[in-house]
Amino acid sequence: MPHETPPDSGRHIVETPWLRWALLVGGWMLFAIFMTVEGTLQAMRSNSPLTWTTVLTSELTYAAVWLVLTPGVLWVAWKVPFHAKRWGRAALLHGGATFAFAILHRFLFSLVTEFALAGPDHPFRWAIVLSSLTRFLDYGIMIYWILVLSRHAITYYRGMQEQALVKSQLEAQLTTAQLLALKSQLQPHFLFN
């Protein structure tokens, strides 16, 4: 009797596109809320005139830009895995991608922020957008690597689950084969008796 594959245990639940997007949106929303609390507390300690709504708007914009860029970062992480034989190549490619995504995020965030603030008393200025490209890149670099490492952790976890499934299937097949062998050894014995 061939071994039947066990029903799906939900290990590929993140493969559902709507759930994947829901997790990304939820994750970035939590990030924005956390950063809003931190920014508001920091503004209160330094007697800054920033209100929590201003901080929330800024952090939601920051997170929304990363939400748009996250599929690209995850795609690069998937296409350029770290293997023992090619880690140098992967490090070079990720090094370039790190700065590209960090600069792109900073540019888009500054562009959206300048457009949102533009008005009669605050004209849109490209100089502010361009000057912001060199600020806070370390934060973007850190977020890039958190996303890449998360992608690799998920891939590693899936690989471990698949190995465990294959192992259990092989063990079940071995048990079935052993039972068939025992059955075939016992049947001639009973025939001769």
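This report describes the fold, confidence, core, pockets and selected residues of a predicted protein model.

## Basis of the model

Because the model is predicted, local features are reported only where pLDDT is at least 70 and side-chain atom pairs count only at pLDDT 80 or more, while totals for chains, interfaces and linings use all residues. Residues are numbered from 1 along each chain as its sequence is written, and side-chain values use heavy atoms, with hydrogens and water left out.

## Fold and confidence

The protein has 5 helices and 0 strands, and from the N terminus on its elements run α-α-α-α-α. Helices (H or I, at least four residues) and strands (E, at least two) are DSSP runs, numbered from the N terminus. Of the 193 residues, 25% count as buried, where buried means under 20% relative accessible area, exposed means over 50%, and partly exposed lies in between (1.4 Å probe, protein chains only). Among contacts (heavy atoms within 4.5 Å) between residues at least 6 apart in sequence, 71% join residues at least 24 apart.

The predictor's confidence in each residue is given as pLDDT, on a scale from 0 to 100; the protein averages 82, and 89% of the residues score at least 70. Where pLDDT is low, the predicted coordinates should not be read in detail.

## Nonpolar core

The largest nonpolar core has 23 residues, and those with the most contacts inside it are W28, F31, W66, V73, F101, I143 and Y144. At least two residues of this core come from each of α1 (17-45), α2 (52-79), α3 and α5, with α2 supplying the largest share, 9 residues. A core of this kind is a set of buried Ala, Val, Leu, Ile, Met, Phe, Trp, Tyr and Cys residues joined through side-chain atoms within 4.5 Å.

W28 is one of the core residues with the most contacts; leaving aside neighbours within four places in sequence, W28 is in contact with A63, W66, L67, T70, I143 and L147.

Helices α1, α2 and α3 each supply at least two lining residues, and α3 gives the most, with 8 residues. By class, the lining of the largest pocket divides into 12 nonpolar, 12 polar and 5 charged residues; Ala, Val, Leu, Ile, Met, Phe, Trp, Tyr, Cys and Pro count as nonpolar, Asp, Glu, Lys and Arg as charged, and the others, Gly among them, as polar.

The second largest pocket has a volume of about 730 Å³, and the closest to its centre among its 23 lining residues are L24, T70, L74, R151 and I154. The elements that give two or more residues to this lining are α1, α2 and α5, of which α5 provides the largest share, 9 residues. The lining of the second largest pocket has 16 nonpolar, 3 polar and 4 charged residues.

## Cavity

A search of the whole structure finds 1 cavity of 30 Å³ or more, and the largest cavity holds about 30 Å³ of space. Its lining consists of Y62, A102, H105, R106, F136, L137 and G140, with α3 (87-117) and α5 (137-192) as the elements that give two or more residues. These lining residues divide into 4 nonpolar, 2 polar and 1 charged.

On a 1 Å grid over the protein atoms alone, a cavity is a set of points where a 1.4 Å probe fits but cannot get out, and a pocket is an open set with protein on both sides within 12 Å along at least five of seven lines; lining residues have an atom within 4 Å of a point. Grid points are joined across faces, edges and corners, and a volume is the space filled by probe spheres set on the points.

## Two individual residues

N47 is found in the loop between α1 and α2, and its phi is near 55°, a positive value in a residue other than glycine. N47 is exposed, with a relative accessible area of 69%.

E114, in helix α3, counts as buried at 4% relative accessibility. Not counting residues up to four places away in sequence, E114 touches H122, P123, F124, R125, I128 and V129.
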